[in-house]
Amino acid sequence: MKKLIATIVFIMMTTMLPMQAQAATVKIGDITHVKGVRNNQIVGYGIVVGLPGTGDNSRSTQLTNKLLLMNLGTIIEQENYIQKGSSAAVIVTATVPPFAKNGDQIDVTVSTLADAKSLEGGVLVQTILKAPNGEAVAVAQGPVSVGGVNARSNGSMTRTAITSTGRIPGGAIMERDIDTEIGDASSVTLSLDHSDYTMVSRVAQAISQVAPAKAIDGSSVQVTIPSKFLNDRITFLSILENLQVSPTAERAKVVVNERTGTVVIGSQVKLLPAAVAHGNITVTVSTTNDVSQPNLFAQGSSVGFSNSTIGVDKGAGSVVKMNGNSNLNDLVNALNSIGVTPVDIISILQALKKAGSLQADLQVI
């Protein structure tokens, strides 16, 4: 049985001297953003042409090709006249940054919509990208870059990357400005990237040195714009984002990725008294193919069948006692002493959290 190879990443933060902790600061601009200033998503339906037989065979793609040629002034009687496999229907997506202007170029992502095998070597035909309200925002066109190879021959296949999705760097041109309002008539709101009551209070105190400010919830600070900056908000925001605040200690947290077996454990993680039991269990499934032959003069035919056997090897269990207020080093040393794998550690952490021993937020991604 193939065992999953996983990686354990332990983030360990060294203990800093009180003087060093007080000296450590972060910029407000690095931990906050202006409320309402955000990205915008746009999407469109298009056709990628020039594919070497790796396009799709759907009828909708042929109909789209016929309409495309008709719009270009070409007369075609039936869509079946267009060779299959040389084009592919795609969905084109892009993210428009705030304050984007008419003529700016943005990157786009192109993804197959039907059964196309690869977009390698294809060119996206001019595609209108629209906002959720149906308004045309940008137009995309250009050669698709997939960054890999997908080759097939006589039932064999080799692939170095996902080639059914590609990108066109700078492939879309903005057709209109993106109007973004910065605050209301007399104030602007800064939102923390991560909710933290202590940090939002510190941000409000730091901003109060240059303008009236108050924390309105666990992640937002409302700032009254001084009269001299009402017509120059950019300069005012520049002053705010360069103010310094002392960082807060991160909450005790354990992050688990079950797909890859990655475990990230913060240094603030504590355990209440607990006992961790671990038993090595190996399950092996093997299959043997055989043929059943009839007797020499009996009527019947040869029949193939499979014999499956399942073996379970249960090793001796290990019990490790965890003392109260155990920290990260205690947990790691204890788990290493019983030889657990990353996958086992994930199960043990989930059980400890369920039992109330793990004093940390357990996030499974």
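Which side chain meets that of Asp-107 in a salt bridge? The partner is Arg-167, with a distance of 3.2 Å from N to O. Before following this contact further, note that the model is predicted.

The protein has 365 residues, and buried residues make up 32% of them. Its secondary structure consists of seven helices and 22 strands. The protein exposes about 22,400 Å², and carbon and sulfur atoms supply 52% of that area.

The salt bridges give examples of links across the sequence. The structure holds two of them. Asp-107 has 38% relative accessibility and counts as partly exposed. Arg-167, at 40% relative accessibility, also counts as partly exposed.

The other salt bridge joins the side chains of Arg-176 and Glu-135, at 3.0 Å from N to O. Here the residues sit in loops: Arg-176 lies between S11 and S12, while Glu-135 lies between strand S7 (123-130) and strand S8 (136-143). These positions are 41 residues apart, and the pair links distant parts of the chain. Are these residues buried or partly exposed? Arg-176 is partly exposed because its relative accessibility is 26%, and the cut-off for buried is under 20%. Glu-135 is partly exposed as well, with a relative accessible area of 34%.

Next comes one of the sheets. Strands of a sheet pair through backbone hydrogen bonds, either parallel or antiparallel. This sheet is open and has four strands in the order S3-S12-S14-S13, with antiparallel pairing. Which strands stand at its edges? They are S3 (32-34) and S13 (213-215); each has a single partner strand, so one side of each is left without a neighbour in the sheet. From one strand to the next, the twist averages 25°.

S13 and strand S14 (residues 220-224) are antiparallel and share three bridges. In S14, Gln-222 is the bridge partner of Lys-214.

Two helices lie across strands of this sheet. Helix H4 (residues 197-207) lies across strand S12 (187-192), S13 and S14, and runs at about 15° to S14. Helix H5 (residues 233-241) lies across S3, S12 and S14, and runs at about 35° to S12.

The last stop is Asp-56, a residue in the loop between strand S4 (40-49) and helix H3 (59-71). Is Asp-56 buried or exposed? It counts as buried because its relative accessibility is 2%, and buried means under 20%. The side chain of Asp-56 reaches the backbone nitrogen of Ala-89 at 2.9 Å. Leaving aside residues up to four places away in sequence, Asp-56 also touches several other residues, including Thr-61, Gly-85, Ser-87, Ala-88 and Asp-115.

Key
Residues numbered from 1 in each chain as written. Predicted model: local features only at pLDDT ≥ 70, side-chain atom pairs only at ≥ 80, totals over all residues. Heavy atoms only, no water. Pairing = 2+ DSSP bridges. Axes fitted to C-alpha atoms, helices over the stretch in contact; angles between N-to-C directions. Contact = heavy atoms within 4.5 Å. Buried < 20%, exposed > 50% of the residue type's maximum accessible area, 1.4 Å probe, protein only. Areas by Shrake-Rupley, 256 points an atom, 1.4 Å probe, with all protein chains shown as cover. Salt bridge = Lys/Arg side-chain N within 4 Å of Asp/Glu carboxyl O. Polar contact = N/O pair within 3.5 Å; in protein donor to acceptor, adjacent residues only side chain to side chain.
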